[in-house]
Amino acid sequence: MRANEDQLRAWMIGGLDGDAAAHASLLRALVPLLRSFYRRRMSAGPDDIEDLVQETLIAVHTRRGTYDRDRVFAAWLFAIARYKMIDQFRRNRRTVPIEGLEDMLVAEGFEESSIARMDIGDLLATLPAKQAGAIRATRIDGASVAEAANAAGIGESDVKVSVHRGLKALAARIAGQRL
Amino acid sequence: MNTDDLIASLSDGVQPVGRHAVGLRLALGVIGGAVVSILLISVTLGFRPDLWLAMQGPAFWMKWSYTVSLSAGAIYATARLARPDPGSLRRLWLIALPVLVLATLGLGELITTPRSEWLAMWLGHTWTKCPWLVLALAMPIFVGLLWSFRQMAPTRLRAAGAAAGLAAGAFAATVYCLHCPEVSAIFVLTWYSLGILLAASLGALVGPRLLRW
């Protein structure tokens, strides 16, 4: 499962306090996040993507003092990632309308959706494994009930019931949080 | 280089970074530059001989309140823009507040002064030099800020450059008060502000080139 905001932020703050192990965990966890960030929005080859990922990791490291501990880590990270990508376009002198580009990227909502995914991950972790697995398969990964049942080795009605109970439990939990 | 090796070398010997790293580094850049500017004044222009006496009168403090409050606002803006996610910048119009206050003071001055003396009051003795001297004294401070920015992560380079230029100009004007003998509010409002504005424009001009990272 992908690392979530709280975990990343905890590692980041650990690194800021001089904890090398936390810093290394953070950088390792960022690699898949950054790879998918760049892959989604560039037609570059794997080597170019990896170069950008590395450059972003270096920026995260050398400019980590600009992270404000009271703010969202993902927003800081993706602002750097976006800047590095635009800088890369500029260096290659590709004719990209930079002014519009930034809005376009923000509008695509990758950050929001990945922050949302992290939240969902948190919520699902509070459910029993069977319910969480059934919800993830049918509602997030987009599998059919039959496929989910096959993959988990349980009956279709079991999947349906698990999804139903799980969603109900989540709804109750969220309603409870709001109160 | 392999990404795993890169991570290993980056997390080898991690230095702790304080909560106020951005503010401290900007302050260091501004103060370092200002020391050079003060040295420049003492060597070339000289401090005004009646500085001690002037510091007991209101005109000196009128000028300093203006330039110091403008510097504070500009440095705050610079600190915001030094981060990759500066957030909403809507409150930055507050930087215009000192200008409005000074304009009000200037208006009062004009009302209490006979019309025949307006021009002399506006131009003072040094209006031809003042904006250029402020701009020149802003250069060391701007260079200091460029040094600060080497650990910053601005994503709006032109805005960050303009804010750094504004901060350098306003702080240079603060330092310039140690030399400048002028006393009227409309003089400061026009010629100081012109020098500060020149510095900010220069910052906006070179920001995208010099602040890249």
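In chain B, 90% of the contacts between residues at least 6 apart in sequence join residues at least 24 apart; two residues are in contact if their C-beta atoms, placed from the backbone, lie within 7 Å. For chain A, the share of such contacts that join residues at least 24 apart is 54%. This is a predicted model, in which local features need pLDDT of at least 70 and side-chain atom pairs count only at pLDDT 80 or more, while totals for chains, interfaces and linings use all residues. Residues are numbered from 1 along each chain as its sequence is written, and chains are lettered from A and ligands numbered from 1 in the order in which they are written.

**Chain make-up**

- Chain A has nine helices and zero strands. Helices (H or I, at least four residues) and strands (E, at least two) are DSSP runs, numbered from the N terminus.
- The C-alpha trace of chain B spans about 75 × 40 × 30 Å along its principal axes.
- Of the 213 residues in chain B, 42% are buried. A residue is buried if 20 or more other C-beta atoms lie within 10 Å of its own, exposed if 12 or fewer, and partly exposed in between, with C-beta atoms placed from the backbone.
- Of the 179 residues in chain A, 27% are buried.

**Interface between chains A and B**

- Chain A puts 30 residues into the contact, and chain B puts in 21 residues.
- On the side of chain A that touches chain B, the elements giving two or more residues are H1 (5–16), H2 (20–41), H3 (46–62) and H4 (73–91) of chain A.
- H3(A) gives the most to that side, with eight residues.
- By class, the side of chain A that touches chain B holds 14 nonpolar, eight polar and eight charged residues. Ala, Val, Leu, Ile, Met, Phe, Trp, Tyr, Cys and Pro count as nonpolar, Asp, Glu, Lys and Arg as charged, and the others, Gly among them, as polar.

**Helix packing in chain A**

- H3(A) and H4(A) pack at an angle of about 130°, with their axes 10 Å apart. Axes are lines fitted to C-alpha atoms, for helices over the stretch in contact, and angles run from 0 to 180 degrees between N-to-C directions.
- That angle makes H3(A) oblique to H4(A). Angles under 35 degrees count as roughly parallel, over 145 as roughly antiparallel, 65 to 115 as roughly perpendicular and the rest as oblique.
- H3(A) and H4(A) cross in a right-handed sense. A crossing is left-handed if the near helix is turned anticlockwise from the far one by less than a right angle, and right-handed if clockwise.
- H3(A) contributes Leu52(A), Glu55(A), Thr56(A), Ala59(A) and Val60(A), while H4(A) contributes Leu77(A), Ile80(A), Ala81(A), Lys84(A), Met85(A) and Gln88(A).
- The contact of H3(A) with H4(A) has seven nonpolar, two polar and two charged residues.

- Leu26(A) sits in helix H2 of chain A.
- Leu26(A) is buried, with 28 other C-beta atoms within 10 Å.
- Beyond its neighbours within four places in sequence, Leu26(A) contacts Leu8(A), Trp11(A), Met12(A) and Gly15(A).
- Helix H7 of chain A (residues 129–140) has twelve residues and reaches 15 Å from first C-alpha to last, close to the 16 Å expected at 1.5 Å a residue. The expected span is 1.5 Å times one less than the number of residues in the helix.
- Gln131(A), Gly133(A), Ala134(A), Ile135(A) and Ala137(A) are buried in H7(A).
- Gly142(A), with a positive phi near 80°, follows H7(A).

**Helix packing in chain B**

- The axes of H7 (residues 130–148) and H8 (residues 157–176) of chain B come within 7 Å and cross at roughly 125°.
- H7(B) and H8(B) are therefore oblique to each other, and H7(B) passes H8(B) in a right-handed crossing.
- Residues in this contact include Leu133(B), Leu137(B) and Ile141(B) of H7(B), and Ala164(B), Gly165(B) and Phe171(B) of H8(B).
- The contact of H7(B) with H8(B) divides into 15 nonpolar, two polar and no charged residues.
- H5 (residues 97–112) and H9 (residues 185–210) of chain B pack at about 140°, with their axes 7 Å apart.
- H5(B) and H9(B) are therefore oblique to each other.
- Among the residues in contact are Val99(B), Leu102(B) and Glu109(B) of H5(B), and Ile186(B), Leu189(B) and Ser193(B) of H9(B).
- The residues of the contact of H5(B) with H9(B) are nine nonpolar, two polar and one charged.
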